[in-house]
2 protein chains.
Amino acid sequence: MTLTVLLADDHAMLRSGMRAIFDTQPDLECVAEVADGRAAVTEVARLRPDVAVLDIRMPKLDGLGATEQILSDPANRTKVLLLTTYDSDEYVYRALKAGASGFLLKSLPPEELISALRVAARGDALIDPSVTQRLIARFAVSLAPPPTPPQLALLTAREREVLQLVAAAYSNAEIAALLHVGDETVKTHVSRVLAKLGLRDRVHAVAFAHMNGLVQARPTS
Amino acid sequence: MTLTVLLADDHAMLRSGMRAIFDTQPDLECVAEVADGRAAVTEVARLRPDVAVLDIRMPKLDGLGATEQILSDPANRTKVLLLTTYDSDEYVYRALKAGASGFLLKSLPPEELISALRVAARGDALIDPSVTQRLIARFAVSLAPPPTPPQLALLTAREREVLQLVAAAYSNAEIAALLHVGDETVKTHVSRVLAKLGLRDRVHAVAFAHMNGLVQARPTS
DNA sequence: AACCGGGTCCCCCGCGCGGGGGACTCCCGA
DNA sequence: TCGGGAGTCCCCCGCGCGGGGGACCCGGTT
């Protein structure tokens with residue numbers, strides 16, 4: 001089973017270099033070479049190669065845009081490997097979000113590019129080590145469990161409940177209705193919450209709650 | 001400059017196998033072999049190798065716990081590579097959170113383990129491709145949510161600016177002072193923002209802004 | 001020329017909110 | 001037995017806020 005590959009880069013020199021690398025591998029077949037992103041999208045749709053290797057910087061449509069178009073097609077089965085000279089974080093995030101199978105620097109040794117191709121073809125993914133480092137850093141904080149601020153321990157269960165409703169932008173009257181209590185009661189709870197947390201008003205409470213993960217941020221993403 | 005390595009695995013067979021691999025590289029020196037996590041922590045503290053290769057499943061203290069202890073020491077300069085047979089997602093997250101430089105499967109070809117060592121030693125990071133795939137999926141959704149809601153386009157630049165300050169829980173008077181305008185002006189902007197976004201009051205605006213990523217969530221985590 | 005959108009400033013009015021009190025039930029622990 | 005915390009409900013008062021108007025200046029388009 002040979003792997004079919006599409007090559008997209010606006011430098012003919014680099015294309016032929018990569019093609020030469022591929023030719024050393026009997027099971028790799030470069031079925032197309034294109035020089036811009038738009039051509040990459042149409043050729044991928046036509047030839048349906050196993051893997052498309054795209055440069056990020058290309059005329060007409062850059063590699064990121066091409067990736068997004070290619071992978072947004074549900075009929076598509078081609079994996080995308082992105083190549084770049086510089087590793088801007090923004091590039092990486094956009095690439096991963098689009099669903100790219102790899103994000104590699106052009107400084108990569110040829111044999112590793114080959115192995116990256118095979119990795120992508122079997123559905124796995126691969127990120128350049130120098131990028132991975134920063135990715136981990138950012139990923140770790142985004143995964144970090146909400147570091148429940150100690151002040152929250154001061155609140156009673158009822159007060160936390162009210163705080164969450166305040167954070168959801170409910171008015172005192174609405175909270176009263178939801179909890180089946182009088183609105184004077186809610187006012188008391190809110191006042192206590194503000195006092196215990198050292199917050200000025202419910203607006204600060206909303207901001208506090210959101211920044212401390214008390215409310216499910218963006219459930220609709 | 002030779003790289004010093006510590007090897008931690010409870011199977012003597014596997015240790016000797018890896019050691020054999022290292023010995024093929026003149027610039028790699030295996031300075032210690034240990035069979036459990038606790039020994040790994042103490043030996044790393046004593047010998048300060050460049051890289052520690054830890055199995056996840058080990059007696060007394062597993063590789064994850066050992067990683068956390070090693071990397072929580074601020075004086076530590078050793079990089080940690082984790083090895084495992086099975087790639088549980090939970091393992092990966094904990095490993096990355098602890099700051100590991102690599103997460104590899106034992107099925108990795110020997111020569112790639114070598115290159116992983118060098119990658120880690122120079123401060124970069126490396127994740128096994130099969131794991132990377134799922135990591136990207138999860139990472140993408142966790143990073144995805146700046147899909148700027150279309151309603152935001154209705155706002156003028158000034159109005160967005162005011163909205164961000166509202167989201168930061170500033171009062172109208174405070175915003176006026178920050179922007180060097182009258183507070184009546186701020187009231188006008190806020191009113192327009194609420195009207196354009198269909199929000200009831202500034203409390204809803206705060207919640208809206210936070211849920212749509214207009215404000216940097218937990219900057220202090 | 002007239003027009004319009006963005007930014008700025010001003011008025012009045014009503015209401016929700018938050019702080020200051022107080023009071024009454026529970027229930028748990030001293 | 002007597003606290004005392006938690007939860008509930010009530011009063012009054014002041015103020016920030018948001019909606020309703022209107023007004024002015026400026027830069028661009030028509």
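## Close-up views of a predicted model

**View 1. Strand β3(B) and its partner β4(B).** In β4(B), Lys79(B) is the bridge partner of Val51(B). From β3(B), the chain passes through helix α3 (residues 63–72) of chain B to β4(B), a right-handed β-α-β crossover (with the strands pointing away from the viewer, the path from the first strand over the helix to the second runs clockwise). Five bridges join the parallel strands β3(B) and β4 (residues 79–84) of chain B; strands pair if DSSP finds at least two bridges between them. Helices (H or I, at least four residues) and strands (E, at least two) are DSSP runs, numbered from the N terminus. This is a predicted model, where local features need pLDDT of at least 70, side-chain atom pairs count only at pLDDT 80 or more, and totals for chains, interfaces and linings use all residues. Residues are numbered from 1 along each chain as its sequence is written, while chains are lettered from A and ligands numbered from 1 in the order in which they are written.

**View 2. The other neighbour, β1(B).** Strand β1 (residues 3–8) of chain B runs parallel to β3(B), joined by four bridges. Look for Ala8(B), opposite Leu54(B).

**View 3. Both faces of β3(B).** Val51(B), Val53(B) and Asp55(B) on one side, and Ala52(B) and Leu54(B) on the other, are all buried (20 or more other C-beta atoms within 10 Å of a residue's own, with C-beta atoms placed from the backbone). Because five of its five residues are buried, β3(B) is largely enclosed by the rest of the structure.

**View 4. Helix α9(A) beside DNA strand C.** Here α9(A) gives the most to the surface near the DNA, with six residues (near: C-beta atom, placed from the backbone, within 6 Å).

Note on methods
Buried ≥ 20, exposed ≤ 12 C-beta atoms within 10 Å, placed from the backbone.
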